[in-house]
Amino acid sequence: MPHAEFGALRRLSARLGRDIEQVQASGGNTSIKSGDVMWVKASGLWLADADDDDVFVPVDRGKVLAAIDATSEQAVLASVIAGQNARGLRPSIETSMHALLDHEIVIHTHSVRTIALAIRADAKQQLGQRLDGEDWAFIPYYKPGMDLTRGIASVLGHHPSGRRARILVLGNHGLVVGASTAEEAGSIIDRVERKLDAPLLAGESDVPDRAPPGSAPVADRLAQSLAVVPGLRKLALGGSYYPDHVVFLGPAAATEPGGPSKLLLTADGAFLPDDASGSAQAMASCLAHVLARLPGHAELRRLSIDEELALMDWDAEKYRQQLER
């Protein structure tokens, strides 16, 4: 079993998982290294449940590092220590990233404050102004999983502190923090959140009492503003901005009637299919929290069609969707 710090990691994981501004649905992942074993959050499970449920999977870190060298996602899956994985859980999509970094504790969140900067065309410049003095690096967008891990390795190979850089901002994706203890990791996250903070530039809107056939209103009042605030509506209809929106809402952040996204914006409000999952509801809230922090002049980097397709036709994400169902 992991050392005594494991309990503290579980508590931090649950705290972050219950904060919509840090983690949405089954997104985000955390890990702890104990000798040659690394415990990492299981794919498709929720960090919010970390202190009530067994959401971690043990993997052989040495085998994961070898899998990175071989660029083999299958070898990452084969690194699971079956004898300590009674539920047969599958490790996080980001297991290779957690193994690559040398910190005892690694935390990856989809912080809305971070994403609101990480989707900007001038993300690196904007982040540099706010994170000056921190041990940090910017990682341009890569598909989650092995592509992202190898991208991080490439960037950190030229970084002063290498694989022990404490803060990584992932373009169009989120935040990664490494530390020796869960308490230290939580303190770093809180400090980064303060430095990247930006006020909400839009208020909440009423939830409509009627919906198109087969749909139900999004429960989040801030998400309702995506439909009725012109600037937010334009951004929301402008494309997808980060991976989990493509996975849980479709190949566009939002759509008008007849479009490909599950998030429907009409003159009356924001709606999802009436059988929409909790993850879809969370993604609608996340989109509102991100876009409502953007100044109107900001130029954004959206995911390309090829990047969207790579996420939609991917076994690892189909597995997460299956668990959600």
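## A bridge to start from

Ser31 has its bridge partner in strand 2, and that partner is Val40. Before going further, note that this is a predicted model, where local features need pLDDT of at least 70, side-chain atom pairs count only at pLDDT 80 or more, and totals for chains, interfaces and linings use all residues. Residues are numbered from 1 along each chain as its sequence is written, and side-chain values use heavy atoms, leaving out hydrogens and water.

Strand 1 (residues 29-34) and strand 2 run antiparallel and are joined by four bridges. Strands here are DSSP runs of E with at least two residues, helices are runs of H or I with at least four, and both are numbered from the N terminus. The hairpin that strands 1 and 2 make has two residues between the strands, and Gly35 takes a positive phi near 65° there.

Strand 2 covers residues 37-41, and five of its five residues are buried (under 20% relative accessible area with a 1.4 Å probe, protein chains only). Val37, Trp39 and Lys41 point one way, Met38 and Val40 point the other way, and all are buried. So you'll find Lys41 tucked away along with Trp39.

On to strand 3 (residues 56-60), which pairs with strand 2 in the antiparallel sense over five bridges (strands pair if DSSP finds at least two bridges between them). Trp39 has Pro58 of strand 3 as its bridge partner, while Met38 stands opposite Val59. Four of the five residues of strand 3 are buried, so the rest of the structure largely encloses it.

Val169 stands opposite Leu175 of strand 7.

## Two helix pairs

Helix 1 (residues 5-17) and helix 8 (residues 182-195) pack at about 25°, with axes 8 Å apart. These two are therefore roughly parallel (under 35 degrees; 65 to 115 counts as roughly perpendicular). In contact (heavy atoms within 4.5 Å) are Glu5, Ala8, Leu9, Leu12, Arg15 and Leu16 of helix 1, and Ala182, Glu183, Ala185, Gly186, Ile189 and Asp190 of helix 8. By class, that gives seven nonpolar, one polar and four charged residues (nonpolar is Ala, Val, Leu, Ile, Met, Phe, Trp, Tyr, Cys and Pro; charged is Asp, Glu, Lys and Arg; the others, Gly among them, are polar).

Now for the other pair: the axes of helix 9 (residues 221-228) and helix 12 (residues 278-291) come within 8 Å and cross at roughly 70°. That makes helix 9 roughly perpendicular to helix 12. Leu222, Ala223 and Leu226 of helix 9 meet Ala284, Ser285, Leu287, Ala288, His289 and Leu291 of helix 12. This contact has seven nonpolar, two polar and no charged residues.

Definitions and conventions. Buried < 20%, exposed > 50% of the residue type's maximum accessible area, 1.4 Å probe, protein only. Axes fitted to C-alpha atoms, helices over the stretch in contact; angles between N-to-C directions. Parallel < 35°, antiparallel > 145°, perpendicular 65-115°, else oblique.
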